[in-house]
Amino acid sequence: MLFRSQPDGTVRPFLTRDRHRMILAGLFEHDPRAGLDRVEVPVLFIPADTGEQAWTTDKRAAVDAAVARLRDGRVRWFSPADHDVHAQYPTEVAQLLMELADELGTTAGAAS
């Protein structure tokens, strides 16, 4: 939760409790799969396989379903890995992104 400093040195929440609840409700109600079939650019998922079988099985099914709805969906699993794959495997993730940029004919750092 973010806080705002007051002139008297105290702090108060940036959002009212009701607005905070509205945001949380929106996050829970949002379905990120809803618009996948409208995405027109390549999408690369870089999920982590923690090694926990039940969780990874469910995650693989969700990723496969998302890729199937995309026009150009790709996936590169990292295992063993946790949430921050880019922090655990910075060289490998950078290489993967560079290979994708080369494949798509883009130049790293070029502005559109």
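View 1. Helices are DSSP runs of H or I with at least four residues, strands are runs of E with at least two, and both are numbered from the N terminus. The model is predicted, so local features need pLDDT of at least 70 and side-chain atom pairs count only at pLDDT 80 or more, while totals for chains, interfaces and linings use all residues. Residues are numbered from 1 along each chain as its sequence is written, and side-chain values use heavy atoms, with hydrogens and water left out.

**View 2. The buried face of α4.** Val-93, Leu-96, Leu-100 and Ala-101 of α4 are buried, that is, under 20% relative accessible area. Seen down the helix axis, the buried residues fall within an arc of 135° (taken from the directions from the axis to the C-beta atoms), so they line one face of α4. These buried residues pack against β3 (43-45), β4 (73-75) and α3 (85-88), contact meaning heavy atoms within 4.5 Å.

**View 3. The length and end of α4.** Helix α4 (residues 90-104) has 15 residues and should span 21 Å at 1.5 Å a residue, which agrees with the 21 Å between its end C-alpha atoms. The expected span is 1.5 Å times one less than the number of residues. Gly-105 follows α4 and has a positive phi, near 80°.

Notes. Buried means under 20% relative accessible area, exposed over 50%, partly exposed in between (1.4 Å probe, protein chains only).
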